[in-house]
Amino acid sequence: SIYFVLAHGAIVFELLEPVDVGTHVDHIRISHNMDADQLAAAAAARAAAAGPAVPVASTLPPDPVVLEGKKKFNLAMEDELLDYKHNHAMHIEACANTLMRVFNNVLDNPGETKYRQVKAAGNTFKTTVSNVKGGEHLMALAGWKTQVVDLQKLYIFDGEPGGHKWQILQASAACLAKALVTIHEKAERKRREAEEKAAVEKARRDQILLALEDDKIDRKIRMETTAAVAGPGGAAPAATAAPHPAGALGSPKAGSGSGSGAAH
């Protein structure tokens with residue numbers, strides 16, 4: 001039983017069982033002859049003393065259909081999307097960000113039909129979701145179905161707030177939001193590695209270009225030096241041939257012909 005006390009200390013009434021006072025007045029035993037104003041004052045005093053109402057968590061067990069849908073989505077995300085051997089870290093991040101945006105557009109705007117249709121051939125969706133392992137599978141597991149409209153493939157979500165599909169979409173968005181923390185960290189690490197690699201490659205190319213420029217300058221200096229030595233005519237002075245000594249080998253001897261004839 002709960003007792004409420006007025007300022008003068010007298011017991012006003014006793015609550016026999018925990019019921020809503022506003023709708024079950026017959027469960028309250030009045031200790032004194034109180035009018036409506038006194039009852040209202042007592043209720044106000046009770047509300048002020050209790051403070052703001054604390055929401056009571058639902059005691060209903062989780063829906064098995066929603067739990068199964070959440071489990072399938074989470075397993076596919078771990079096995080397919082987060083496969084860093086086949087998906088690049090930055091591609092995984094882009095895919096998760098796009099899926100989150102698609103899911104939240106529906107959840108935040110339940111009455112907007114434009115957010116319930118996604119063009120599969122759209123450039124952003126195709127690049128960030130369709131071209132990434134597990135991307136389209138996660139769309140299907142989150143409750144989206146494919147449909148061809150006017151020769152265009154569309155992803156369509158037809159779940160309504162409170163229904164199984166809606167709850168599975170909410171659970172899928174929650175799984176992605178939790179995973180995005182680690183996904184973002186790994187993508188940032190890959191970005192830093194790529195930037196460092198690009199900086200090293202640029203320094204190497206700059207060294208090669210500098211060496212080529214130095215070689216070009218050296219060749220130019222050599223050509224200018226050669227031209228200066230050659231003189232105004234442009235040809236280097238020819239070397240003077242040394243005179244042959246008398247009787248050198250190969251020069252004809254006087255009377256050699258007659259001598260040969262005499263021998264014969």
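Predicted model: local features only at pLDDT ≥ 70, side-chain atom pairs only at ≥ 80, totals over all residues.
Residues are numbered from 1 along each chain as its sequence is written, and side-chain values use heavy atoms, with hydrogens and water left out. Local features need pLDDT of at least 70 and side-chain atom pairs count only at pLDDT 80 or more, whereas totals for chains, interfaces and linings use all residues.

A pair of aromatic rings is described by the distance of the centres and the angle of the planes. Rings of Phe, Tyr and Trp (its six-membered ring) pair if their centres lie within 6.5 Å; planes under 30 degrees apart are stacked, over 60 edge-to-face, and the rest tilted. Four aromatic pairs are found in a search of the whole structure. Among them is the tilted pair of Trp144 and Phe157, at 5.5 Å centre to centre and 45 degrees between the planes. Trp144 lies in the loop between helix H5 (135-141) and strand E5 (145-149), and Phe157 in the loop between strand E6 (152-156) and helix H6 (164-230), so this pair ties together parts 13 residues apart in sequence. Helices (H or I, at least four residues) and strands (E, at least two) are DSSP runs, numbered from the N terminus.

Phe157 also forms a tilted pair with Trp166, at 6.3 Å centre to centre and 55 degrees between the planes. Buried means under 20% relative accessible area, exposed over 50%, and partly exposed in between (1.4 Å probe, protein chains only). Trp144 is buried at 3%, Phe157 is buried at 1%, and Trp166 is buried as well.

**Helix packing**

Axes are lines fitted to C-alpha atoms, for helices over the stretch in contact, and angles run from 0 to 180 degrees between N-to-C directions.

| Helices | Angle | Axis distance |
|---|---|---|
| H2 (residues 64-81) and H6 | about 35 degrees | 9 Å |
| H3 (residues 89-108) and H4 (residues 123-130) | about 125 degrees | 8 Å |

Contact means heavy atoms within 4.5 Å. On H2, the residues in contact with H6 include Val65, Val66, Gly69 and Phe73, and those on H6 include Ile168, Ala171, Cys175 and Leu176. By class, this contact of H2 with H6 has nine nonpolar, five polar and one charged residues. Ala, Val, Leu, Ile, Met, Phe, Trp, Tyr, Cys and Pro count as nonpolar, Asp, Glu, Lys and Arg as charged, and the others, Gly among them, as polar.

The contact of H3 with H4 is made by His91, Ala94, Cys95, Thr98, Leu99 and Arg101 of H3 and Thr124, Thr128 and Val129 of H4. Its classes are four nonpolar, four polar and one charged residues.
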